[in-house]
Amino acid sequence: MNAPLELPARVANVDRRTAETDIAVRLSIDGTGRTELATGIAFLDHMLDQVGRHAMFDVAITATGDLHIDAHHTVEDIGITLGQAFKRAMGDKQGIRRYGHAYVPLDEALSRVVLDLSGRPGLEFHVPFTRALVGTFDVDLVHEFFQGFVNHALVTLHVDNLRGDNAHHQAETVFKAFARALRAA
């Protein structure tokens, strides 16, 4: 009888320092859903916690950025750094299924995410947010996060919010569906 195939640990540590941000990401894609998040942006921490829990990734992210201006650079650079960490953690893609999809409801909101760990970046993002802010978080930054992620993870990602009246619910279903599609792939 053959011994089970031993897969290398699929973990990555990535640090990114720019004139605007200082970010550290620690990622295990074979985790248990634990998160340690300190981005300075409470709503983003909430969304990233959903990614960790629903993808079953262990994720630690610390970030400081020019939040006195706005959250744009910090959110985008977190997407970039998490994408870099994800690409590194996948390594040679042994044990990867490649494709994943998920539908996630939350009350009145429903989102679908379909992805391909193709090695080619691409983003189709169709989320008609019903308002511009969730608390103080600019919902335009959700797109910036995913654009940064796909460009550096080299993933093709289709994000569709199929319905929703509450912008918080819309965003949360997008992040949860993204996580569950990653888990499937």
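1. Strand E6 (residues 109–116) and strand E10 (residues 156–163) are paired in the antiparallel sense over 7 bridges. Within this pair, Ser111 has Asn161 of E10 as its bridge partner, and Arg112 has Asp160 of E10. Helices (H or I, at least four residues) and strands (E, at least two) are DSSP runs, numbered from the N terminus; two strands pair if DSSP finds at least two bridges between them.

2. On provenance: this is a predicted model, in which local features need pLDDT of at least 70 and side-chain atom pairs count only at pLDDT 80 or more, while totals for chains, interfaces and linings use all residues. Residues are numbered from 1 along each chain as its sequence is written, and side-chain values use heavy atoms, with hydrogens and water left out.

3. E6 also pairs with E5, in the antiparallel sense over 8 bridges. Leu106 has Ala109 in E6 as its bridge partner. The hairpin of E5 and E6 has 2 residues between the strands, and Asp107 there takes a positive phi near 50°. Of the 8 residues of E6, 6 are buried, so E6 is largely enclosed by the rest of the structure. Buried means under 20% relative accessible area, exposed over 50%, and partly exposed in between (1.4 Å probe, protein chains only).

4. These strands belong to an open sheet of 4 strands, in the order E5-E6-E10-E7, with mixed pairing. Strand E5 (99–106) and strand E7 (122–126) are at the edges with a single partner strand each, so one side of each has no neighbour in the sheet. From one strand to the next the twist averages 10°. Axes are lines fitted to C-alpha atoms, for helices over the stretch in contact, and angles run from 0 to 180 degrees between N-to-C directions.

5. Helix H3 packs on the sheet, touching E7 and E10, and its direction makes about 160° with that of E7. Helix H4 packs on the sheet as well, touching E5, E6 and E10, with its direction at about 150° to that of E5. Contact means heavy atoms within 4.5 Å.

6. The axes of H3 (residues 140–153) and H4 (residues 167–184) come within 11 Å and cross at roughly 20°. The two helices are therefore roughly parallel to each other, the cut-off for that term being under 35 degrees, with over 145 as roughly antiparallel, 65 to 115 as roughly perpendicular and the rest as oblique. In H3, Val142, Phe145, Phe146 and Phe149 meet Val174, Phe175 and Phe178 of H4. The residues of this contact divide into 7 nonpolar, no polar and no charged; Ala, Val, Leu, Ile, Met, Phe, Trp, Tyr, Cys and Pro count as nonpolar, Asp, Glu, Lys and Arg as charged, and the others, Gly among them, as polar.

7. Thr81 counts as buried because its relative accessibility is 0%. Leaving aside neighbours within four places in sequence, Thr81 is in contact with Val14, Arg16, Ile23 and Val25. His73 is also placed in H2, but counts as partly exposed at 26% relative accessibility. With the same exclusion of neighbours within four places in sequence, His73 contacts Glu20, Thr21 and Asp66.

8. Ile29 is in the loop between strand E2 (21–28) and strand E3 (35–38). Ile29 is buried, with a relative accessible area of 10%. Beyond its neighbours within four places in sequence, Ile29 is in contact with Arg10, Met56, Phe57, Phe86, Ala89 and Met90.
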